[in-house]
Amino acid sequence: MLQLELEMWHWLDYFRLLLVRGAAVNARARKRRRDTALHRASRSGEVEILEMLLDVGDAIYAKASDGNSLMHEACEEGNLQSSQAFTG
């Protein structure tokens, strides 16, 4: 359990570093759904990442390739915490 927590902590630190260095947070994936990182975080329930992206990105109203909004993505996957991140 501790190993997993440490691995996740390091992963979040790397993610934070990418954001600080100006990573293109609103870029769309080149494969399949062509979603942004916000869409993936919303669907997967990664609330910490979602909140970091919401703080630096401006694509909160971006639609997924199927027309879903970020809130739709969160609700479709049953991620209550993700959906609450959009409502404050």
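I'll talk about the core, then a couple of individual residues.

Quick ground rules: this is a predicted model, where local features need pLDDT of at least 70, side-chain atom pairs count only at pLDDT 80 or more, and totals for chains, interfaces and linings use all residues. Residues are numbered from 1 along each chain as its sequence is written, and side-chain values use heavy atoms, with hydrogens and water left out.

So, the core. By nonpolar core I mean buried Ala, Val, Leu, Ile, Met, Phe, Trp, Tyr and Cys residues joined through side-chain atoms within 4.5 Å; buried is under 20% relative accessible area, exposed is over 50%, partly exposed is in between, with a 1.4 Å probe and protein chains only. The largest one here has 13 residues, and F15, L19, I49, M52 and L53 touch the most other members. Two or more residues come from each of α1 (2-20), α2 (37-44), α3 (47-56) and α4 (70-76). Those are DSSP runs numbered from the N terminus: H or I, at least four residues, for helices, and E, at least two, for strands. The top contributor is α3, with four residues.

Now, E73 sits in helix α4. Buried or exposed? Its relative accessibility is 0%, so E73 counts as buried. Its side chain makes a 2.9 Å polar contact with the side chain of R43. Polar contact means N or O atoms within 3.5 Å; within protein, one must be able to donate a hydrogen and the other to accept it, and sequence-adjacent residues count only if both atoms are side-chain atoms.

Last one: Y61, in the loop between α3 and α4, is exposed at 73% relative accessible area.
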